[in-house]
Amino acid sequence: VSILVLSILYAGFREMPFVAAAFFGLKAAVLAVVAEAVLRIGKRALGSRLMVAVAVAAFVAIFFFDTPFPIVVLVAAFFGFVGSRLAPAWFPAPKSVRVEGDHATVIDRMADAGELRHTLPDTSRAVRIVLVGTALWALPVIALYAVFGSDSVFVEEALFFSKAAVVTFGGAYAVLAWVAQRAVETYGWLAPGEMLDGLGLAETTPGPLIMVVQFVGFLGAFRHPGDLSPMLAGVLGSIVTVWVTFVPCFLWIFLGAPWVEALRGNRTLHAALSAITAAVVGVVLNLSIWFGLHVLFTEVLETHIGRLRLFVPTLSSLDPGALLLSALAMFAVFRLHMSLPRVLAASSLLGLAWRLGVTGVG
């Protein structure tokens with residue numbers, strides 16, 4: 001609800017100088033937060049040179065060759081799966097998470113006592129979950145298709161965010177790289193700077209960062225309302241987006257939970273997931289650089305040399321205010337270790353000072 005309210009306010013008042021100046025500062029903070037996420041995930045995932053190579057390959061594939069995120073995930077999983085069989089020494093076995101004796105967890109003790117039999121894999125239960133979950137997922141999309149047609153923004157959003165939900169590996173930052181570039185470059189639902197605004201709004205709310213997709217869904221439908229009023233279309237688009245994003249997640253959880261205990265010690269699966277996590281580092285790095293270019297430069301050209309894609313910023317379009325605020329936000333995050341709310345608040349205030357005070361905008 002908070003993101004929906006903020007999205008409505010953003011659509012109605014973003015052109016006001018005061019609001020625009022606050023978001024100008026907020027973008028610098030978001031850039032620093034994403035950069036910090038790259039390092040944080042990298043420290044955890046890149047434990048060997050092989051995993052570093054996987055991360056570099058993922059970055060090159062998605063940044064320079066525009067390889068879709070789902071393809072990057074599938075290739076990384078295949079690499080880990082095959083590699084663990086051909087060269088098992090390169091892929092360490094998963095560490096045991098079970099503790100024996102007096103320090104055993106409550107769950108482990110309940111399992112030993114036979115009190116968790118109802119959580120064991122059951123085929124009939126799995127079939128029921130798939131049928132119910134698929135119906136809840138698909139029926140609203142079919143209804144949108146019947147009412148608005150296949151070319152409507154609501155059906156486009158339903159299908160696109162359903163794909164995003166299926167390949168959400170590595171957390172919000174990973175999938176948001178794909179969402180941001182597709183929403184901006186493929187569908188034209190919003191501009192690069194507006195995607196940063198949405199991330200800033202999501203960072204200021206208590207909910208998960210993935211809720212920024214509601215902002216994207218709202219603006220996409222707001223800009224392409226069809227026969228509806230823009231505000232009504234935006235609300236409907238945001239609801240559709242949230243529904244198809246989270247229903248599949250519950251489906252996977254209820255379906256896969258009984259198999260987690262049996263699979264968490266599987267070496268092949270562990271290798272596949274480790275490779276995916278390493279690839280996610282490259283994907284988030286792509287997000288960081290893509291955002292950084294659009295924060296610091298007001299004009300970024302996309303050129304192609306064969307299959308190679310390059311983002312070329314116009315050097316004369318460098319925004320000195322954005323550069324200064326981004327540097328300050330980086331310093332606050334990496335050197336002062338300031339909390340996220342403080343960095344966001346300070347960056348917004350500095351953005352106001354720069355835009356309304358220094359440059360005299362408005």
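How many aromatic pairs does a search of the whole structure find? The search finds 18 aromatic pairs.

For phenylalanine 161 and tryptophan 189, the ring centres lie 6.1 Å apart and the planes are at 20 degrees, so the pair is stacked, as planes under 30 degrees apart are called. Phenylalanine 161 is found in helix α7 (residues 153–166), whereas tryptophan 189 sits in the loop between α8 (172–186) and α9 (192–204). These two residues are 28 residues apart, and they too connect distant parts of the chain. Phenylalanine 161 and tryptophan 189 are both buried. They also belong to a cluster linked by ring pairs, which comprises Phe160, Phe161, Trp178, Tyr187 and Trp189.

The chain as a whole may now be described. Its secondary structure consists of 14 helices and two strands. Of its 362 residues, 44% are buried. Among contacts with a separation of 6 or more, 75% are between residues 24 or more positions apart. The chain exposes about 18,400 Å², of which carbon and sulfur atoms supply 70%.

The confidence of the prediction also deserves attention. The chain averages a pLDDT of 86, and 89% of the residues score at least 70. Confidence is highest in helix α3 (residues 49–64), at a mean of 95, and lowest in helix α5 (residues 106–112), at 63. Where pLDDT is low, the predicted coordinates should not be read in detail.

The largest nonpolar core contains 102 residues, and the members that touch the most others are Phe69, Leu176, Leu190 and Phe291. Apart from residues up to four places away in sequence, phenylalanine 291 touches Leu31, Val34, Ala180, Met195, Leu196 and Leu199. Serine 288 is located in helix α12 (residues 267–296). Because its relative accessible area is 11%, below the 20% limit, serine 288 counts as buried. When neighbours within four places in sequence are set aside, serine 288 is in contact with Leu31, Val34, Ala35 and Val38.

Valine 5 presents a contrasting case of accessibility. This residue lies in helix α1, and its relative accessibility of 43% falls between the limits of 20% and 50%, so valine 5 is partly exposed. Valine 5 and valine 235 are 230 residues apart in sequence, yet their C-alpha atoms are 9.5 Å apart in space.

The two strands come next. Strand β1 (residues 300–305) and strand β2 (residues 308–313) run antiparallel and are joined by six bridges. Glutamate 302 has phenylalanine 311 as its bridge partner in β2, and histidine 304 stands opposite arginine 309 in that strand. Together β1 and β2 form a hairpin with two residues between them. Glycine 306, in the turn, has a positive phi of about 65 degrees.

Which residues other than glycine have a positive phi near 55 degrees? Aspartate 66 is one of them, and histidine 337 is another. Each is placed in a loop: aspartate 66 between α3 and α4 (69–86), and histidine 337 between α13 (320–334) and α14 (340–358). Their accessibility can be read from the cut-offs of 20% and 50%. Aspartate 66 has a relative accessible area of 27% and is therefore partly exposed, while histidine 337, at 61%, counts as exposed.

Technical notes:
Residues are numbered from 1 along each chain as its sequence is written. This is a predicted model: local features need pLDDT of at least 70, side-chain atom pairs count only at pLDDT 80 or more; totals for chains, interfaces and linings use all residues. Side-chain values use heavy atoms; hydrogens and water are left out. Two strands pair if DSSP finds at least two bridges between them. Helices (H or I, at least four residues) and strands (E, at least two) are DSSP runs, numbered from the N terminus. pLDDT is the predictor's confidence in each residue, from 0 to 100. A nonpolar core is a set of buried Ala, Val, Leu, Ile, Met, Phe, Trp, Tyr and Cys residues joined through side-chain atoms within 4.5 Å. Buried means under 20% relative accessible area, exposed over 50%, partly exposed in between (1.4 Å probe, protein chains only). Contact means heavy atoms within 4.5 Å. Accessible areas come from the Shrake-Rupley method with a 1.4 Å probe; for residues, only the protein chains shown count as cover. Rings of Phe, Tyr and Trp (its six-membered ring) pair if their centres lie within 6.5 Å; planes under 30 degrees apart count as stacked, over 60 as edge-to-face and the rest as tilted.
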